[in-house]
Amino acid sequence: MIRKPLMGGLKMRAALPARGEYCKQEVQRVYAVIQTGGKQYRVQQGDVIFVEKLDCQAGDALKFDQVLFVGGEEAKIGTPVVEGASVEGKVLAQVKGKKIVVYKYKAKKNERKKQGHRQPYTKVEITAVNA
């Protein structure tokens, strides 16, 4: 019995790099852990993050001084912050998060209350990590 290939036939495999080539292409990038708005974020240059709303306009430059950790070739751990380290960023926009519904009611009392809430955020692009 001769079987015919199903739709598509044989799949051609793209040429993959030789074993160990992935390690050679990896570039060590400096990253940092910053604290803002009561939360901690792991960032590196080029990242876009959403932080709790900051009092600034789109296009403004930001500087985060509370750097807790700097990683890369040489790691620096802060006690509680790394001295002289900072992270620079640019505000892209002021945005709101997804809407959540808050629904409260009391059983058997015909008392109902429905509210919506959208948390405000600031969209920030990280431009530099200064260690």
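I am calling a residue buried under 20% relative accessible area, exposed over 50%, and partly exposed in between, with a 1.4 Å probe and protein chains only as the setting. By that scale lysine 39 is partly exposed, since its relative accessible area is 38%.

**Entry: ground rules**

This is a predicted model, so I keep in mind that local features need pLDDT of at least 70, that side-chain atom pairs count only at pLDDT 80 or more, and that totals for chains, interfaces and linings use all residues. Residues are numbered from 1 along each chain as its sequence is written, and side-chain values use heavy atoms, leaving out hydrogens and water.

**Entry: overall make-up**

Helices (H or I, at least four residues) and strands (E, at least two) are DSSP runs, numbered from the N terminus. Read from the N terminus on, the order is α-β-β-β-β-β-β-β-β-β-β.

Next came burial: buried residues make up 23% of the 131 residues. The protein exposes about 10,800 Å², and carbon and sulfur atoms supply 51% of that area. These areas come from the Shrake-Rupley method with a 1.4 Å probe, and for residues only the protein chains shown count as cover.

I also checked contacts, meaning heavy atoms within 4.5 Å. Among those between residues at least 6 apart in sequence, 61% join residues at least 24 apart.

**Entry: the four-stranded sheet**

Which order do the strands of the open four-stranded sheet take? I read E2-E1-E5-E6, with antiparallel pairing. Two strands pair if DSSP finds at least two bridges between them. The edge strands are E2 (39–44) and E6 (76–77), each pairing on one side only.

I then followed E5 through its partners. Strand E1 (residues 31–36) pairs with E5 in the antiparallel sense over four bridges, and valine 33 stands opposite phenylalanine 69 in E5. E5 (residues 67–71) also pairs with E6, again antiparallel, over two bridges. There phenylalanine 69 stands opposite isoleucine 77 in E6, and valine 70 stands opposite lysine 76. The hairpin of E5 and E6 has four residues between the strands, and in it glycine 72 takes a positive phi near 150°.

How many of the five residues of E5 are buried? Four are, so E5 is largely enclosed by the rest of the structure. A reminder to myself for reading strands: in a regular one the side chains alternate between the two faces of the sheet.

On strand E2 I stopped at glutamine 44. Glutamine 44 counts as buried because its relative accessibility is 19%. Not counting residues up to four places away in sequence, glutamine 44 touches Arg29, Val30, Tyr31, Ile126 and Val129.

**Entry: the salt bridge and glutamate 52**

I searched the whole structure for salt bridges (a side-chain nitrogen of Lys or Arg within 4 Å of a carboxyl oxygen of Asp or Glu), and one turned up. The side chains of lysine 39 and glutamate 52 form a salt bridge, at 3.0 Å from N to O. Lysine 39 lies in strand E2 and glutamate 52 in strand E3 (residues 48–52), so the pair ties together parts that are 13 residues apart in sequence.

Glutamate 52 has another link that I noted: a polar contact of 3.0 Å joins its side chain to that of glutamine 119. A polar contact is a pair of N or O atoms within 3.5 Å; within protein, one must be able to donate a hydrogen and the other to accept it, and residues adjacent in sequence count only if both atoms are side-chain atoms. Leaving aside residues up to four places away in sequence, glutamate 52 touches Gly37, Lys39, Tyr41, Gln119, Pro120, Tyr121 and Thr122.

**Entry: phenylalanine 50 and its patch**

Phenylalanine 50 is also in strand E3, and is partly exposed, with a relative accessible area of 43%. Val48, Phe50 and Leu92 make a nonpolar surface patch of about 240 Å². Patches take residues with over 30% relative accessible area and no salt bridge: like charges are joined within 9 Å, nonpolar side chains (Val, Leu, Ile, Met, Phe, Trp, Tyr) within 5 Å.

Strands E8 (residues 100–106) and E9 (residues 111–117) run antiparallel and are joined by seven bridges. Isoleucine 100 has histidine 117 as its bridge partner in E9. Four residues lie between the strands of this hairpin, where lysine 108 takes a positive phi near 65°.

Last, is alanine 61 buried or exposed? Alanine 61 is exposed, at 71% relative accessible area, and lies in strand E4 (residues 61–64). Its C-alpha atom is separated by 9.4 Å from that of threonine 127, 66 residues apart along the chain.
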